[in-house]
Every structure is written in C-alpha cells, then in structure tokens.
Amino acid sequence: MAFVNSALGRPVVAPHKSAACARKPVNGIRMSAAAGEEPMVPDMPKRNLMNLLLVGAAGVPSTAILGSFAWFLYPNIPKSAGGGTLAKDATGAIVKRKGWLDTHGAGERKLVEGLKGDATYLIVTPDKELEPFGLNAICTHLGCVVPWNQAANKFMCPCHGSQYDANGKVIRGPAPLSLALAHVEEDDGGNVLLRPWTEEDFRDGSKPWWIK
C-alpha cells in the first residue's frame with residue numbers, strides 16, 4: 001500500500017511483516033515451529049530443586065517428632081556396668097543404699113523405678129537392711145499400681161479389691177498371680193541395683209510367671 005508523504009512529495013511504501021521473519025522470544029521462552037518438537041521449559045531443573053528442598057524441610061521436623069515419640073515410648077533407663085537396672089527415686093535420682101536406709105524406717109515399703117521402668121517396692125527389714133528382693137507394684141489382674149496399706153499389713157488394690165501379703169503373695173482375687181519379684185543388690189558405687197528374678201518363687205515354690 002502506498003501513500004504520499006506531505007513533506008517530501010513522493011510516494012512511500014508502508015513496511016509490512018514477512019511471514020518468513022524469525023519469531024522473537026516471548027517472556028524468555030523460545031517458541032519452536034519445528035514439527036514434533038516439544039517446547040523446552042528452562043526453569044524445570046529449578047523446580048525440581050525447589051521440590052527437593054521442600055521435601056527435605058518437611059522431613060526434618062517429622063523426623064524430630066518421630067524421634068521424640070520413640071524416646072517417649074522407650075525411655076532411657078540407667079544400666080549398671082555389670083548388668084541390671086539402677087533404681088531411681090521419684091525425682092529421677094539414682095537410689096543409694098545408704099541414703100535410702102537413712103531416710104526410710106524399718107518395715108517401710110516405698111516405690112522406685114525398677115526393671116523396664118516399672119514401679120517397684122523396696123522393703124526395709126526390721127533390722128534396717130534392704131530385703132534382697134523387690135516387688136513389682138503392678139497388679140496381676142488389670143495392671144493397676146497396688147498401694148501398701150501399713151495398717152492392714154498388706155498390699156490392697158483399689159481397682160477391683162485384689163490383695164497381697166507383705167511379700168507380695170496373692171491372698172485375694174480377682175488377681176490370679178502374685179506380684180513379680182526382682183533381685184535387689186548394691187553395686188560397687190553404693191547404688192541400688194535391680195536384676196530379673198529367674199529362680200523359683202520362694203513364696204509358693206512356683207516357676208516365675210513373669211519370665212517369658
């Protein structure tokens with residue numbers, strides 16, 4: 001198409017785009033006209049990197065939560081160098097034999113944390129020594145912690161009425177079995193050490209039901 005330039009007085013042909021001219025990049029992405037060629041997305045590696053970073057960032061707190069949960073299920077129970085489990089008091093401190101006897105009277109039965117983290121009674125004898133056995137405080141009926149009743153001189157479960165004598169032998173149901181036993185010893189550092197009782201139950205001559 002032509003028109004007359006008013007300033008120069010001569011015809012001028014208006015330029016027009018050729019179909020053969022090269023396509024310009026659009027937003028930094030080269031568009032290819034070749035048949036069958038897939039368009040390249042240059043930032044895909046960046047996207048993959050970001051995905052990996054996001055997965056990693058999400059995995060860190062998840063791992064921490066799972067680790068804390070596992071620690072809760074399996075608490076750190078102190079072990080003696082010679083085997084067994086060191087008894088711990090209500091504050092979490094390791095129990096010393098001398099300190100325990102200095103603060104507990106004859107005939108007392110008080111709880112410590114024992115084997116597998118279970119509540120366990122230490123028994124002070126009339127001559128102010130520790131009995132060589134401890135009693136697991138878990139009722140053999142439905143698992144309640146059985147308190148010691150000093151006035152009645154026996155363990156009496158508040159849940160369903162089961163009773164045990166002063167040595168933990170069952171004397172009234174519905175509990176079917178006596179309280180589990182544990183060996184009570186003193187290690188080289190003066191700590192109270194609990195070991196599994198695998199021998200015959202001295203209270204009734206039976207095999208230890210708590211050993212599986």
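This section describes the fold, the cysteines and selected local features of a predicted model.

The protein chain contains two helices and twelve strands. Along the sequence, these elements follow the pattern β-β-α-β-α-β-β-β-β-β-β-β-β-β. The chain has 212 residues, of which 27% count as buried. Its exposed surface comes to about 14400 Å². Carbon and sulfur atoms supply 61% of that area. Among contacts in the chain with a separation of 6 or more, 41% involve residues 24 or more positions apart.

Four of the strands form an open sheet. Their order is β7-β8-β9-β10, and the pairing is antiparallel. Strands β7 (148–149) and β10 (170–172) stand at the edges. Each has a single partner strand, so one side of each is left without a neighbour in the sheet. Strand β9 covers residues 163–164 and is joined to β10 by two bridges.

The cysteines were examined next. A disulfide is a covalent bond between the sulfur atoms of two cysteines. The model holds one disulfide. This disulfide joins C144 to C159, with an S to S distance of 2.0 Å. The angle about the S-S bond is -110°, and the link is left-handed. C144 lies in the loop between β6 (133–136) and β7, whereas C159 lies in the loop between β8 (154–156) and β9. The pair therefore ties together parts that are 15 residues apart in sequence. The two partners can also be described by their accessibility. C144 is buried, at a relative accessible area of 18%. C159 is partly exposed, at 37%.

C139 and C157 present another case. The cysteine sulfur closest to that of C139 belongs to C157, at 4.0 Å. C157 is in no disulfide, and its nearest cysteine sulfur is that of C139. C139 counts as buried, with 5% relative accessibility. C157 also counts as buried, with 8% relative accessibility.

H104 sits in the loop between α2 (97–103) and β4 (109–113). This histidine is buried, with a relative accessible area of 14%. Its side chain makes a polar contact of 3.0 Å with the side chain of T103. Apart from neighbours within four places in sequence, H104 is in contact with K110, V124 and K128.

Several backbone features fall in loops. The peptide bond from G173 to P174 is cis, with omega near 15°. P174 belongs to the loop between β10 and β11 (181–186). K116 is not a glycine, yet has a positive phi of about 60°. This lysine is found in the loop between β4 and β5 (119–123). K116 is exposed, with a relative accessible area of 75%. N153 likewise has a positive phi of about 60° without being a glycine. Its place is in the loop between β7 and β8, two strands of the open sheet. At 45% relative accessibility, N153 counts as partly exposed.

Conventions:
Residues are numbered from 1 along each chain as its sequence is written. This is a predicted model: local features need pLDDT of at least 70, side-chain atom pairs count only at pLDDT 80 or more; totals for chains, interfaces and linings use all residues. Side-chain values use heavy atoms; hydrogens and water are left out. Two strands pair if DSSP finds at least two bridges between them. Buried means under 20% relative accessible area, exposed over 50%, partly exposed in between (1.4 Å probe, protein chains only). Contact means heavy atoms within 4.5 Å. Accessible areas come from the Shrake-Rupley method with a 1.4 Å probe; for residues, only the protein chains shown count as cover. A disulfide is a pair of cysteine sulfur atoms within 2.5 Å. A polar contact is a pair of N or O atoms within 3.5 Å; within protein, one must be able to donate a hydrogen and the other to accept it, and residues adjacent in sequence count only if both atoms are side-chain atoms.
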